[in-house]
Amino acid sequence: MKVALLYNVRHIYPDPNDPRSHKEADFDDRETIDAIVENLKVLGHDVLPIEANEEAYQILYENKNSIDIAFNYSLGINSKDRTAIFPAIFDLLKIPYTGSGVLTNALILNKAKAKDVMKSHGIPVLPHHLFKNGDDVKAELKFPLIVKPIAQGSSAGITNDSVVENESELRRQINFINSTFGDYALVETFIQGREFSVPMLGNPPEILPIIESDHSKLPKGYRKLDSMEVKWVFEEQSEENNLICPAKLDSIENKIKNIAIKVWDALGIKDLCRIDIRCDQNGKPFVLEVNSPPGLIPPEVSKTSYFPFSAKVAGIAYPQLLQKIIDTAQKRYQ
Amino acid sequence: MNGISAITSGDQKNGYDLPKSVGIIFSDVKREYFPTEAQYITEKDADVDAHLIAEYLKKLEIKVLLYPGNSDLPTKLKKDKPDMVINLVDSLKGYEFLSSTIPGVLELLEIPYTGTDILGLSLDTNKFVVKKLLQQNGIPIPNFQLFNSATDMMDPTLRYPLISKLNEIHGGVEITQDSISENEKHLRERLKYLISTYHQSVVVEEFIVGREVTAILLEGLNKKVYMAEKVFTETDRKYLFQTFEDQWMSKGMKTFYYQKYEDPLLREYVRRAFDIAKMMDYGKFDVRLDSSGRYFFIDSNTNPAFGPKESDCALSYILDLYGIDFPEILRRLLINTIRDAKGKERLPVTDEASEEI
């Protein structure tokens, strides 16, 4: 089968202290893309790797009749709706592709709109405010709060400093988001309970083993959240893994699974996604965000990429995971 | 003189740059792309309308490049690199949901464009999601339900009469007197017809008996709302609303006319709804008023027909009531698109006829 792999590569390794690197935080290293290509080749596929940039359209257009499926691992460039660009192009060129469609990916990337849609379906999300400028803060807000970019993934823009305890810190962080991403900052209550990540695969989806980020294992000085420091420094460099999979859920398991299925349906997700859920101090779960496409770093590059890590626990080796994603997508086009 | 017409060639020398070249992308329309003649009719004049706008641009000494929206478009745009693009595309290969491909391509190529982005346009082709968003944010809408099949369980709280609308198609397609159901048997038959013909889900909502207002919002640095009531002249109909036939088949025999409508409350709702639906530059809403004077938003259009009065579009008719003509709207749109692309503050939309924010 001819598989076009659409991807984006970063040129700077994620560094919480380097604002330039935040913009590429959800892109992958060249090594990761090469490893995905190799894994697809091991499955016997004829792989056409295409960097998802300005040149990609022409390559897809010229090869549209020979491509059996596009494995959409692209995050796109130049746009606030960047993850939706290539699904739109695949639709136009009638190339079957893995993962969710245009509206779903565009909605998911805009965290505020996604929260609105989820809320309208009765899914628990935290109330939020949007600010373009620190000077716009006028409402009486209850601290601590967390400040996130409205449309980034992979913890981009989220560092230890993202949790703010007072108005002055809040203004500073809103201005950081605006100057780094040129976009709104989403401000919501910082809840401090357990945090889970729910990988989902298939149509209808199967919930793979749920991952818990065990924040108690974080060294002193780390905020208890999945910040850039945690994802790209601690998890990558530490010999100790802070991920528990499958998470010990007990009575909350069904609640989390039901929420995840509701999110899948409300947002019209296809094939795969990963949903981040965090509980408040009373154990009530709230959806933080959805990852589409989720990170799929092969184990030979990283042992802590959530989706492949969970799949491995479920007994699905990495190449088989890629094949399952392709098979799932292909079924939709039959 | 209103504020928009104050932008003259003299203002251009003061920094209000107009683009040198403008691409107009319009729907590439062929009858075989559409499942029904009705849907084809809503788009068949797309190239004519684009040429009409081109004439206005030429009067501003702007080089105009016309592009049908199809799979050759990215290659042509990459070669020509117009300073900006006016996006008029409602559908690609007959599919409205593909229209969000156009901003996708334009963003990839970093060409400034008019109208909303990928999210705004993809929302526009899913009425159900927009209704959910409006409802969630406190904009009044009629009670509604999405039907994926004609046999879906019905929400027992829905009250007749009900109106059935295609979820992904605009232009009043299949909005006829037969869209109104007064009982479940009729509704199920209607759903069966719509779903089997168009292969998409259908939004069923309570039909609000009463008056109807159309609101146009123009966005500059600020947001200005212009509203007009549709005054229906064929009052012998049981249910008064604009049908597909009224909109597309009865030129010269109008079944309604527009008259100015003012209410600060509705204007504020429209401003909020514009942001909720992720519209940009301009947008259109249809709102019903029941006998108690309560508002219900029944339709939102992120990419409404855009053109001069001779193209017979609501936007120009309504703005004309407020003394704003098409060249003024067009010029302001061009200037603001270019200013946006350069990171400059947009110019405000101002006029004397409507209330300032």
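Residues are numbered from 1 along each chain as its sequence is written, and chains are lettered from A and ligands numbered from 1 in the order in which they are written. Because the model is predicted, local features need pLDDT of at least 70 and side-chain atom pairs count only at pLDDT 80 or more, whereas totals for chains, interfaces and linings use all residues; side-chain values use heavy atoms, with hydrogens and water left out.

**View 1. The interface between chain A and chain B.** Contact, defined as heavy atoms within 4.5 Å, involves 31 residues of chain A and 33 residues of chain B. The buried area, which is the accessible area (1.4 Å probe) that two parts lose on being put together, summed over both, is about 2,700 Å², and carbon and sulfur atoms give 63% of this area. Leu92(A), Leu103(A) and Lys113(A) lose the most area in chain A, together 23% of what that side buries. Polar contacts are pairs of N or O atoms within 3.5 Å; within protein, one atom must be able to donate a hydrogen and the other to accept it, and residues adjacent in sequence count only if both atoms are side-chain atoms. By this rule, 13 residue pairs are in polar contact across the interface of chain A and chain B (both at pLDDT 80 or more). Helices (H or I, at least four residues) and strands (E, at least two) are DSSP runs, numbered from the N terminus. On the side of chain A that touches chain B, α3 (56-63), α4 (82-93), α5 (102-109) and α6 (111-120) of chain A each supply at least two residues, and α4(A) gives the largest share, eight residues. That side of chain A comprises 15 nonpolar, seven polar and nine charged residues, where Ala, Val, Leu, Ile, Met, Phe, Trp, Tyr, Cys and Pro count as nonpolar, Asp, Glu, Lys and Arg as charged, and the others, Gly among them, as polar.

**View 2. The salt bridge between Glu55(A) and Lys78(B).** A salt bridge requires a side-chain nitrogen of Lys or Arg within 4 Å of a carboxyl oxygen of Asp or Glu. The count between chain A and chain B is one salt bridge, and the side chains of Glu55(A) and Lys78(B) meet at 2.8 Å, N to O. Over all chains, the whole structure holds 39 salt bridges.

**View 3. Domain 1 and domain 3 of chain B.** An automatic or database domain assignment supplies the domain bounds, which for chain B are domain 1 (4-115), domain 2 (143-206) and domain 3 (211-341). The C-alpha centres of domain 1 and domain 3 of chain B lie 21 Å apart, and their contact takes 33 residues from domain 1 and 27 residues from domain 3. The area buried between these two domains of chain B is about 2,600 Å², of which carbon and sulfur atoms give 72%. Between domain 1 and domain 3 of chain B there are zero salt bridges and four residue pairs in polar contact (both at pLDDT 80 or more). On the side of domain 1 that touches domain 3 of chain B, the largest share, five residues, comes from α3(B), and the classes are 20 nonpolar, nine polar and four charged residues.

**View 4. Domain 2 and domain 3 of chain A.** Chain A is divided into domain 1 (2-99), domain 2 (108-124 + 192-333) and domain 3 (128-189). In chain A, 19 residues of domain 2 are in contact with 20 residues of domain 3. These domains of chain A bury about 1,600 Å² between them, with 48% from carbon and sulfur atoms. Lys111(A), Lys115(A) and Arg223(A) supply 34% of the area that domain 2 of chain A buries against domain 3 of chain A, more than any other three residues. Two salt bridges cross this interface of domain 2 and domain 3 of chain A; Arg223(A) and Glu165(A) meet in a salt bridge at 3.3 Å, N to O.

View 5. Buried means under 20% relative accessible area, exposed over 50%, and partly exposed in between (1.4 Å probe, protein chains only). Arg274(A) and Asp276(A) form a salt bridge at 3.0 Å, N to O; Arg274(A) is buried at 7% relative accessible area, and Asp276(A) is buried at 8%. Lys58(B) and Glu55(B) form a salt bridge at 3.4 Å, N to O, and both lie in helix α3 of chain B, three residues apart, about one turn of the helix. Lys58(B) is partly exposed at 46%, and Glu55(B) is partly exposed at 42%.
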